[in-house]
Amino acid sequence: MELTHWRQLSDHGPDLVLCLDFPGGRAAAGFADLASGVPVDACFLHVAQPGSGSLDACVDRWVADVAATGRPVLAVLGYCAGSSLATCVADAVAESAPAPVTLLFDAAATTAGSFGDQFTSTIETSADHLTAEELDDARALADGLVEAHPDDLPRIAAALADRYDALMGEVAARLSLNQFFRQQLTGGFTAYVDYMLLAAQGRFDTRSGTPLFVSSKDHEPPVDDVRRLPLDFDHADLLREPAVHDLVAELLIGERPW
């Protein structure tokens, strides 16, 4: 199976399960953990780097890539900000096939605060190589942008990416790293910013079928009046819990009613 916009997590059957999350990885458990543990005859695919263009253009590419395999889509799964992408993919699949099962894990809206928090947490991982003044100025920049431009996400994203690049330039200089390694330092954050901007164009409802919001301990869905399944697991471990693996299998094969 040749794919351009997806990478294979597992292949245990003909039906496809499409997973939408930031493709750069994360500290918390991800869809690779889920795919390795769900006892169901299906092939799990994870979206690759989105590439350029609007959300509609990206969804068209993603779904066309899958359709070219000739294999049916059983389910579409979203995690955190990727949940707003999963619903759009599910609707696009449903235009020419039965509506897939749609599961959204710890769905999160992309807001100005999301960008500010991510920027702050990311620069703090380099705190050993930045001065206290540089860290304070960066935090102040993020807070100021969020307060002054709460609805202008592209402006916030561009300003934070520029500051991050400048800070990583300082880190690279202090560690005597060349331009290649500096680009490695900045590339991950830039990719995440682009991904978040894409997710901000999405939504949490579907035109066909009804998504199920699966929530970890203390997590609240970003929208009201949704079909929700709260679980007593921590966010970081949600997708690696064996009980969640069994639950997802039951939902995918229809043994557990929504």
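**Close-up views of a predicted model**

**View 1. An open sheet of 7 strands has mixed pairing and the order β1-β3-β2-β4-β5-β6-β7.** Please keep in mind that everything shown here comes from a predicted model. On average, neighbouring strands are turned by 25 degrees against each other, with direction ignored.

**View 2. Strands β2 and β4 run parallel, with helix α3 packed on the sheet.** Strand β2 covers residues 16–20 and strand β4 covers residues 73–79; the two run parallel and are joined by 5 bridges. A handy place to start is L16, which stands opposite V73 in β4. Helix α3 (residues 83–94) packs on this sheet, where it touches β2, β4 and β5 (101–105). The direction of α3 makes about 160 degrees with that of β4.

**View 3. H5 sits in the segment before β1.** Strand β1 itself spans residues 6–11. Is H5 buried or exposed? Its relative accessibility is 19%, and the cut-off for buried is under 20%, so H5 counts as buried. Which residues does H5 touch, leaving aside those up to four places away in sequence? They are H46, V47, A48, R61, W62 and D65.

**View 4. Helices α6 and α7 cross at roughly 170 degrees.** Helix α6 holds residues 153–174 and helix α7 holds residues 179–199, and their axes come within 9 Å. Angles over 145 degrees count as roughly antiparallel, so α6 is roughly antiparallel to α7. The crossing of α6 past α7 is right-handed.

**View 5. Here are the residues where α6 meets α7.** On the α6 side, look for L153, P154, A157, L160, A161, Y164, D165, M168, G169, V171 and A172. Their counterparts in α7 are R182, L185, T186, F189, V193 and L197. What kinds of residues make up this contact? The residues divide into 13 nonpolar, 2 polar and 2 charged.

**View 6. Q183 is a residue of helix α7.** With a relative accessibility of 45%, Q183 counts as partly exposed, because that class lies between the 20% and 50% limits. How far is Q183 from S126 in sequence and in space? The two are 57 residues apart in sequence, and their C-alpha atoms are 15 Å apart in space.

Note on methods: Residues are numbered from 1 along each chain as its sequence is written. This is a predicted model: local features need pLDDT of at least 70, side-chain atom pairs count only at pLDDT 80 or more; totals for chains, interfaces and linings use all residues. Side-chain values use heavy atoms; hydrogens and water are left out. Helices (H or I, at least four residues) and strands (E, at least two) are DSSP runs, numbered from the N terminus. Buried means under 20% relative accessible area, exposed over 50%, partly exposed in between (1.4 Å probe, protein chains only). Contact means heavy atoms within 4.5 Å. Axes are lines fitted to C-alpha atoms, for helices over the stretch in contact, and angles run from 0 to 180 degrees between N-to-C directions. Angles under 35 degrees count as roughly parallel, over 145 as roughly antiparallel, 65 to 115 as roughly perpendicular and the rest as oblique. A crossing is left-handed if the near helix is turned anticlockwise from the far one by less than a right angle, and right-handed if clockwise. Ala, Val, Leu, Ile, Met, Phe, Trp, Tyr, Cys and Pro count as nonpolar, Asp, Glu, Lys and Arg as charged, and the others, Gly among them, as polar. Two strands pair if DSSP finds at least two bridges between them.
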